[in-house]
Amino acid sequence: MAGRKIKAEILTFTKGDLDPKVVENIELAGRTCYKSMDKISLGSAEKFDKGIMARGHESVIEHSWFVFVLPKKSYNRSYLPEYLLTVMMANNLLSLTEEKDKYILSGNARMFRDLFRNLPCWDSEDKSMHEQLLKAAPVLFSDIIPPNDGFVESHITICPKNVNYTRAEKLKHWFACARITGGSRAFTHQLVRHRRMAISQESQRYCDEAGIYENDYYVIPPSIKEAGFGDYYIEKIKLIDSWYRELQKIIKEAGTGKANEDARFLLPNACCSEIVISCNLQEWRQIFKMRTDSHAQWEIRNGMLQILRQFQKLFPGCFDDFKIVNKTSAIVLT
């Protein structure tokens, strides 16, 4: 028995383009909550995604990203800012930037769904936006019905190719999704405090956590090992595991509650918890700035440094100003 080590992997990323596996990635994120990855099969993603939306669990579809470009030359100069003001008032979570020749608007599936539901009325751009999202990911938008009052041509374009994004635009409109395993509940409690980020985390309410000892499903702080109390620590994990099983049995036999949901109150922060997180590169920079600093807790530093190293290869020029020091922390040079 040695405990788990944290591992971070990039599930998907976009650079202003469409994610061809957006429906499948949403299923993987959602099944992380229930540890039901064994149920993933060919064609299962569409059924899963429809099911969670039907139940109102739209947080999972936040693991997606869509970008629209609105060229200024195609619009009346005074109309476009007024239209975008209406959009941002309907959903202020969308990302918006302005350049000399265009506006760029981006967000996840839930943001766009909320936009359509909150608009006081639909303009031609809204109808065009919905039509293109429907083509890109029909399972995520087919239940949103636009007003039936005709369609007016729009110049708005979803994820256009050959766009020369500035660095600032890359940070706001490029996106990445990561899955982290082997981290403790103490680790995830820190990570979920960040804003403007999609989160799908293993649910101790629904998952049966019996066997955290036998399955090495726990984390040992290095300081415990260094102090020579590793065996003592592991014995306590074993004891808690047995308490959890006993309480599960008592609750089941008494019929007074839900076994996993109520027995979880005994589980320690050492218990592992899988998590999937998604956000644009601007928010990732804020996470790295806080969580790779030498003052950050050792476990979250470990996980975020793994992702930072991958991002420095995937997104040249966006994270080059982070310098990894002694392989244990990073500093921002600018």
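These questions and answers cover pockets, salt bridges and aromatic pairs in a predicted model.

Me: What is the volume of the largest pocket?
Reply: The lining of this pocket counts 17 residues. Seven are nonpolar, six polar and four charged. The volume is about 270 Å³.

Me: Which residues lie nearest the centre of the largest pocket?
Reply: The lining draws two or more residues from each of α4 (109–118) and β8 (275–280). Those nearest the centre are Glu62, Leu93, Asn108, Met111 and Arg196.

Me: Which residues are closest to the centre of the second largest pocket?
Reply: This pocket has a volume of about 200 Å³. Its lining has 13 residues. By class they are six nonpolar, three polar and four charged. Closest to the centre are Arg4, Lys5, Ile220, Lys225 and Trp298.

Me: Which element gives the most to the lining of the second largest pocket?
Reply: Two elements give two or more residues to the lining of the second largest pocket: α9 (222–226) and α13 (298–314). The top contributor gives three residues, and it is α13.

Me: How many salt bridges does a search of the whole structure find?
Reply: To count, a side-chain nitrogen of Lys or Arg must lie within 4 Å of a carboxyl oxygen of Asp or Glu. Lys35 and Glu202 pass, with N and O atoms 3.4 Å apart. The search of the whole structure finds 17.

Me: How many residues apart are Lys35 and Glu202?
Reply: The two form a salt bridge. Lys35 sits in the loop between α1 (22–34) and α2 (44–54). Glu202 sits in the loop between β7 (198–201) and α9. The pair links distant parts of the chain, and the separation is 167 residues.

Me: What separates Lys50 and Glu46 along helix α2?
Reply: Their side chains meet in a salt bridge, 3.4 Å from N to O. Lys50 is partly exposed at 43%, and Glu46 is partly exposed at 42%. They are four residues apart in α2, so the separation is about one helical turn.

Me: How far apart are the closest N and O atoms of Arg117 and Asp114?
Reply: Both residues lie in helix α4, three residues apart, about one turn of the helix. Arg117 is partly exposed, at 42% relative accessibility. Asp114 is partly exposed too, at 25%. The closest N and O atoms of their salt bridge are 2.7 Å apart.

Me: Which residues are linked with Arg117 in a network of salt bridges?
Reply: Arg117 pairs with Asp114 in a salt bridge. The network goes beyond that pair. Linked with Arg117 are Glu58, Arg113, Asp114 and Asp143.

Me: Why is the pair of Trp284 and Phe311 edge-to-face?
Reply: The search of the whole structure finds 19 aromatic pairs. In this one, the ring centres are 5.0 Å apart. Planes over 60 degrees apart count as edge-to-face. The pair is edge-to-face because its planes stand at 85°.

Me: Where in the chain do Trp284 and Phe311 lie?
Reply: Trp284 is buried, and Phe311 is buried as well. The pair links distant parts of the chain, 27 residues apart. Trp284 is in helix α12 (residues 281–291), and Phe311 is in helix α13.

Me: Are Phe311 and Phe315 buried or exposed?
Reply: Their rings form a pair, with centres 5.4 Å apart and planes at 85°. Phe311 has a relative accessible area of 0%. Phe315 also has 0%. Under 20% means buried, so Phe311 is buried and Phe315 is buried.

Me: Which residues form one aromatic cluster with Phe311?
Reply: Phe311 pairs with Trp284 and with Phe315. Both partners belong to the cluster. The residues with Phe311 are Phe13, Tyr165, Trp174, Trp284, Phe288, Phe315, Phe319 and Phe322.

Me: How far is Lys72 from the ring centre of Tyr103?
Reply: A charge over a ring needs NZ of Lys within 6 Å of the ring centre. Lys72 lies over the face of Tyr103, and the value is 5.0 Å.

Definitions and conventions:
Residues are numbered from 1 along each chain as its sequence is written. This is a predicted model: local features need pLDDT of at least 70, side-chain atom pairs count only at pLDDT 80 or more; totals for chains, interfaces and linings use all residues. Side-chain values use heavy atoms; hydrogens and water are left out. On a 1 Å grid over the protein atoms alone, a cavity is a set of points where a 1.4 Å probe fits but cannot get out, and a pocket is an open set with protein on both sides within 12 Å along at least five of seven lines; lining residues have an atom within 4 Å of a point. Grid points are joined across faces, edges and corners, and a volume is the space filled by probe spheres set on the points. Ala, Val, Leu, Ile, Met, Phe, Trp, Tyr, Cys and Pro count as nonpolar, Asp, Glu, Lys and Arg as charged, and the others, Gly among them, as polar. Buried means under 20% relative accessible area, exposed over 50%, partly exposed in between (1.4 Å probe, protein chains only). Rings of Phe, Tyr and Trp (its six-membered ring) pair if their centres lie within 6.5 Å; planes under 30 degrees apart count as stacked, over 60 as edge-to-face and the rest as tilted. A charge sits over a ring if NZ of Lys or CZ of Arg is within 6 Å of the ring centre and within 35 degrees of the ring normal.
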